[in-house]
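Subject: Handover of a structure

Dear colleague,

Please find the structure below, followed by an account of what was found in it.

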Amino acid sequence: AEAIAGGYAIKDAAGAPYLYTGVKFEDSTMLDLSSAAARSWAKAKMLEGIAQGADGWMADFGEWLPADARLASG
């Protein structure tokens with residue numbers, strides 16, 4: 001929800017957050033990592049996790065990017 005509210009998610013053809021059924025069978029989206037603002041937000045989130053003791057995270061499912069998604073990079 002925070003990523004969508006911040007405008008960091010991939011978009012659909014209408015410019016709305018692109019939602020699809022994810023691996024948990026719930027509405028999901030992806031960060032638009034072609035956006036500098038989304039990368040900065042993601043980096044800050046990862047640094048928060050590291051500060052709390054996390055030592056890694058799963059960076060996968062890139063293959064789930066919908067072919068018709070609209071990215072900040074065009």
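Is E48 buried, partly exposed or exposed? E48 is partly exposed, with a relative accessible area of 41%; buried means under 20% relative accessible area, exposed means over 50%, and partly exposed lies in between, with a 1.4 Å probe and protein chains only.

The model is a predicted one, in which local features need pLDDT of at least 70 and side-chain atom pairs count only at pLDDT 80 or more, while totals for chains, interfaces and linings use all residues. Residues are numbered from 1 along each chain as its sequence is written, and side-chain values use heavy atoms, with hydrogens and water left out.

Overall architecture

The protein has 2 helices and 2 strands, arranged along the sequence in the pattern α-β-β-α. Helices (H or I, at least four residues) and strands (E, at least two) are DSSP runs numbered from the N terminus. The C-alpha trace spans about 40 × 25 × 20 Å along its principal axes. Of the 74 residues in the protein, 22% are buried.

Salt bridges

A search of the whole structure finds 2 salt bridges, a salt bridge being a side-chain nitrogen of Lys or Arg within 4 Å of a carboxyl oxygen of Asp or Glu. E2 and K45 form one of them, at 3.2 Å from N to O. Because E2 lies in helix α1 and K45 in helix α2, this pair ties together parts that are 43 residues apart in sequence. K45 also meets E48 in a salt bridge, at 3.6 Å from N to O. E48 and K45 are 3 residues apart in helix α2, which means that about one helical turn separates them.

The largest pocket

The largest pocket has a volume of about 900 Å³. Of the 28 residues that line this pocket, T29, M30, L31, M58 and D60 are the closest to its centre. The elements that give two or more residues to the lining are α1 (2-5), β2 (27-28) and α2 (36-51), and α2 provides the largest share, 6 residues. A pocket is here an open set of points on a 1 Å grid over the protein atoms alone, where a 1.4 Å probe fits and protein lies on both sides within 12 Å along at least five of seven lines; lining residues have an atom within 4 Å of a point. Grid points are joined across faces, edges and corners, and the volume is the space filled by probe spheres set on the points.

Individual residues

D32 lies in the loop between β2 and α2. D32 is buried yet has no salt bridge, and the nearest side chain of opposite charge, K11, is 6.1 Å away; Lys and Arg count as positive and Asp and Glu as negative, with His and the chain ends not counted.

F25, in the loop between β1 (20-21) and β2, has a positive phi of about 60 degrees although it is not a glycine. F25 is exposed, with a relative accessible area of 73%.

D68 is placed in the segment after α2 and is partly exposed at 44%. D68 and Y18 are 50 residues apart in sequence, with 9.5 Å between their C-alpha atoms.

Yours sincerely
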